[in-house]
Amino acid sequence: MLTEPGNLEALMGLAGRWVNSIRERKPMKKLILDMDSSVRPTHGDQEGSAYNGHFGCDCYHPLFVFNQDGDVEQALLRKGNVAGAKDWKSVLEPVIARYHDTDVPKFFRGDAAFAIPGLYELLEAGDYRYAIRLKSKPILEREIEHLFRRPVGRPSKKPLVRYHAFTYQAKSWDKPRRVVAKVTWHQEGLFPQFGFIVTNLTGSPRQVTRFYNLSL
């Protein structure tokens, strides 16, 4: 009975009803959504179980949206071999709709799997501020070449961190967007570590990076 479409939809909605009951007793001052996939190893012939090369096991690959209190807002059990962002819209859209009329600052964080133009557009239309990691590519690295020069003198024991922000538009994007970069030099490293975040936050590059790293 639980596998009937209507029952599965009701089960997916349980998390939302639980969160709604909490909000009735404890109104929130802001909303922060974190979207991420996870792994649930399997040890038999369960329907949908499949080998996932990233996790190195037979598993399910569920998708979650959490809020700032650690509550599950929405979840979807997926086959083990699907991509990290598969079916993101069916998971995120109900949460966006749930808070459509809630007048609080709204934020979203996600890793590079969710660097999807349609996701940016959905968040912007819902007045969300977001920070989403971007996979590195040469065109982005050229924007921070000036930060790749090894510092002169004896390396510091404490990591040297540099930030930079610039405007970038990928071919699949409908408009230019802000990108923040963080470059870290470690004492023992010959080359720096670096990463990129696409965002519509207006804070400094350091503030944007700190907001992103609070949960991811």
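**Entry 1: Asn200**

I began by listing what Asn200 touches, skipping residues up to four places away in sequence: Glu124, Tyr128, Arg129 and Tyr130. I am reading a predicted model here, so I keep that in mind. Next I looked up where Asn200 sits, and I found it in the loop between β11 (193-199) and α6 (205-213). Is Asn200 buried or exposed? Its relative accessibility is 19%, and buried means under 20%, so Asn200 counts as buried.

The side chain of Asn200 reaches the backbone oxygen of Tyr128 at 3.0 Å. A polar atom of that side chain also lies 2.8 Å from the backbone nitrogen of Tyr130.

**Entry 2: Ile132**

I moved on to strand β8 (residues 129-134), where I found Ile132. Ile132 has a relative accessible area of 0%, so I noted it as buried. Beyond its neighbours within four places in sequence, its contacts include Phe108, Leu119, Leu123, Phe196 and Tyr212. I also looked at Val179: it is 47 residues from Ile132 in sequence, and their C-alpha atoms are 9.5 Å apart in space.

**Entry 3: The cores**

Which residues touch the most other members of the largest nonpolar core? I found Met35, Leu92, Phe108 and Leu123, out of 38 residues. Among the elements giving two or more residues to this core are β1 (31-37), α4 (117-125) and β8. Helix α3 gives the most, with 5 residues.

Last, I noted a second, separate core of 9 residues, with Ile32, Val180, Val208 and Tyr212 among them.

Terms used
Residues are numbered from 1 along each chain as its sequence is written. This is a predicted model: local features need pLDDT of at least 70, side-chain atom pairs count only at pLDDT 80 or more; totals for chains, interfaces and linings use all residues. Side-chain values use heavy atoms; hydrogens and water are left out. Helices (H or I, at least four residues) and strands (E, at least two) are DSSP runs, numbered from the N terminus. Buried means under 20% relative accessible area, exposed over 50%, partly exposed in between (1.4 Å probe, protein chains only). A polar contact is a pair of N or O atoms within 3.5 Å; within protein, one must be able to donate a hydrogen and the other to accept it, and residues adjacent in sequence count only if both atoms are side-chain atoms. Contact means heavy atoms within 4.5 Å. A nonpolar core is a set of buried Ala, Val, Leu, Ile, Met, Phe, Trp, Tyr and Cys residues joined through side-chain atoms within 4.5 Å.
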